[in-house]
Amino acid sequence: MSKNKKILCALIISFLFVFSVSVVGARTAISVGGGKGTPSSNQTQVTKSSQFVKRIANNVLYLEGNKSYDLNGVNVIDSTGKSRVSATKKLADMTFINGALKEVILR
């Protein structure tokens, strides 16, 4: 094979490689869509958090991090009589839907 044919083959292979990589990148960008960022207005955002309980009084949950939540309208499941995470502290597994507390499981 002559020197010119080798250069031409190398250029063609290089262009094919660059083109195939750019197509894969474009497909990835299209398929990912809006993966991160703020959810649209019709999506439900669910957040879960677990924190230790300081006390529960007058239907208010007080946490060790100096946060408190009103338990009116919240589904509270008390599992403290069963197998406990800690013998001295209660753990609250909290579920928030669109920023509002909806469920608390006490362990």
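Select D93 to begin: at 17% relative accessibility, D93 counts as buried (buried is under 20% relative accessible area, exposed over 50%, partly exposed in between, with a 1.4 Å probe and protein chains only). This is a predicted model, where local features need pLDDT of at least 70, side-chain atom pairs count only at pLDDT 80 or more, and totals for chains, interfaces and linings use all residues. Residues are numbered from 1 along each chain as its sequence is written, and side-chain values use heavy atoms, leaving out hydrogens and water.

Now colour residues 91–97. That is strand β5, and D93 is found in it (strands are DSSP runs of E, at least two residues, numbered from the N terminus).

Show the neighbours of D93. Leaving aside residues up to four places away in sequence, D93 touches S49, S50, E103, V104, I105 and R107 (contact means heavy atoms within 4.5 Å).

Next, select R107. Which residue forms a salt bridge with R107? D93 does, with the closest N and O atoms 2.4 Å apart (a salt bridge is a side-chain nitrogen of Lys or Arg within 4 Å of a carboxyl oxygen of Asp or Glu). The pair links distant parts of the chain: R107 sits in the segment after β6 (100–106), 14 residues from D93. R107 is partly exposed, at 32%.

How many salt bridges are there by this rule? The count comes to two. For another, select K89 and E64: their side chains meet at 3.6 Å, N to O. K89 lies in the loop between β4 (75–78) and β5, and E64 in the loop between β2 (60–63) and β3 (68–70), so the pair ties together parts 25 residues apart in sequence. K89 is partly exposed, at 35%. E64 is partly exposed too, at 39%.

Notes. Helix = DSSP H or I, 4+ residues; strand = E, 2+ residues; numbered from the N terminus.
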